[in-house]
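Please view the sequence and structure below before reading on.

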Amino acid sequence: MTTQNHNVKLLVANRGEIAIRILNCARELGFETIAVYSDPADMSHTRFADTKVQLQGGPLAFLKPQALLDVAKKCGATAVHPGYGFLSESAEFAKLCADNGILFVGPSVASIDQVGDKLSARQIALNAKIPVAPGTKEPVRSVDEVRHFGKQYGYPIMLKARDGGGGRGIRMVHKPEDVESVLQRCINESPSKQVFVEKAIVGAKHIEIQILGDKHGSVVHLKDRDCSVQRRFQKIIEIAPSVGILPALRAKIQQSAISLAQYIQYDSAGTVEFLVTPGDEQYYFLEVNPRIQVEHTISEEIMGLDIVRSQILVALGESLQGLGISQSKIDNAPPMVSIQARICAEDPQKENMLSVGKVIDVEFPMGQGVRVDTWIHPGAVVLPHFDSLLAKVIVTAETFPVAIQKLKRALQYTVIEGVKTNKDFLLALIQDEQFLHNDTQDVTVLFLEGRIPHLLEVSRQALGRTTKAQSSSADQSTISQPNSLQFKPGDVFNIELTSTDKSASKQVHSIKVQDISTNNFPDNFNSSIEVASSSANSLGSKLQLKLSRRSAAADSALRRKAIGESGEVACPISGMITEVSVKAGDKIEAGQEVFVVSAMKMETVIKASISGRVKAIYAKANELVDAGDLIVEISEQKESKL
């Protein structure tokens, strides 16, 4: 079967770089393409599609199967590709597409049903005779159940949302008294509100096997990846193939992935993940991701194979054999090493606080063995509703040391201005002596957590040197903070206001903004303005403009930015308040939880830094806030002199 036989109109039910990746692939195959978006500020990926359609209902529309199906039917789509995240592991969405005669580019509904749920996948692995860590067979319903498991198997233990992903709903518990708060966080991050428990495997590497199956019963593995470098169980650096794994152990893990895929008759691109302890050569099944993954890129690079293209074509019925893909070819591919670094809109120096705003300037590296998958460009807007991933910088070389040198150069030549990124942290990480000895047993899933303070200091020093060099060569009087609108002293702006009332004579009012004295836009902006009108009676006038941002708060007060007082508890990230744990008048202690904020589906607990009494609350649950917004104000408790 040849690709020319396919008459496909493909809707990509995703956004960002993965949407662009799929749209480009589909265009290369000669397909007509449809892109969807939820916010006019988030349309970067739609430039690569023939048709673009706005989803109704905001960012959450990406999670609504019927909303996406309605667009597909309205546009005459014959196929839907879900990408990763959102509805990529939704058996409901896959079935809805099938019931309406639309091809779902992914595994069968039966496969998703079996492994898209982490608890179900554990049972499938046990049935397929694959090693699995001790864990509960059903979701836990109480704190006591979790503590009973911890007492039986020993701490640390892992709490996992049965439908979590991307590090969400996954947390480690080291002692019984932490169970209650951690369990609540996991439940809140789980769409189904169901959490199970596993024994934590200490000293393990996170190794995953890329698999690819067709509808004719064939399945292959595309070697493995090491994803051990993680922060809060979110991957930062990935390497293919894995390093520090003995050949015999590697072969066992790869065969286990194939056995599981064959057991469920897997028929698409996917990943089987394991925790591996190289010291005792043991491994344990972790989960199956029945979809394309963020890090599929490095498997593509070492294999010279377009996984997305293959995934689409096997969904259309082509066989692996017909595509020239066989396990023998894969096993005999020339040895190469590929590394992916995830550049995110985060500030590592502020606990990886999400950075939102408009991207002002972008420059990415080029050269042999360098690939960049991204969605950003000058003018692109980073919103708080989606994952913080900006770009994936991928390098490929003959050996790990050479690949590291390529990655170092690539990151050094990467420029992203307008939002904070983790680029300097990544540079510090890939030059860290412990990381460079990646073939040792030291680089486990907990490696990065222990190195973060050191790496932050290294990146802080590097950032200081860069800032100093920039300052010496720049005229500081012309530099303003990057905002979505750039006002600088000396700029003059002309604004025209025209009446739309047809019954009145058409008048044009002109406003000239000049002599800017204060520029902290959009929070504060002061300037003199000159007003003129086309009306014969208007002589014009000079006024003073004073702009300040205000938003309604829970108690009808006006929220303001925190100014650093000890009693002010500000939101460290842009996101949504999910819970306010105190009330006005409450007496609280330092370290006590005061509110919880959610960004990118991850919850962060914010605690009081001082003891005292709650003076005021400036936000309520389900309210969007910006980084730095004042949420709770505490009157400091004074010691009595009596």
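Which residue takes a positive phi just after H9? Gly 304 does, with a phi of about 65 degrees.

## Basis of the report

This is a predicted model, in which local features need pLDDT of at least 70 and side-chain atom pairs count only at pLDDT 80 or more, while totals for chains, interfaces and linings use all residues. Residues are numbered from 1 along each chain as its sequence is written, and side-chain values use heavy atoms, with hydrogens and water left out.

## Helix H9

Helix H9 spans residues 296-303. Helices (H or I, at least four residues) and strands (E, at least two) are DSSP runs, numbered from the N terminus. Because seven of its eight residues are buried, H9 is largely enclosed by the rest of the structure. Buried means under 20% relative accessible area, with a 1.4 Å probe and protein chains only. The buried residues of H9 are His 296, Thr 297, Ile 298, Ser 299, Glu 300, Ile 302 and Met 303.

## Thr 374 and its surroundings

Thr 374 belongs to strand S19, which covers residues 370-374. A polar atom of the Thr 374 side chain lies 3.2 Å from the backbone nitrogen of Ile 376. The side chain of Thr 374 also reaches the backbone oxygen of Leu 390, at 2.7 Å.

Beyond its neighbours within four places in sequence, Thr 374 is in contact (heavy atoms within 4.5 Å) with Glu 17, Ile 20, Phe 364, Leu 390 and Ala 391.

## Cysteines

The structure holds zero disulfides, a disulfide being a pair of cysteine sulfur atoms within 2.5 Å. Cys 97 is buried, with a relative accessible area of 0%, and Cys 571 is buried at 1%.

Key: Buried means under 20% relative accessible area, exposed over 50%, partly exposed in between (1.4 Å probe, protein chains only). A polar contact is a pair of N or O atoms within 3.5 Å; within protein, one must be able to donate a hydrogen and the other to accept it, and residues adjacent in sequence count only if both atoms are side-chain atoms.
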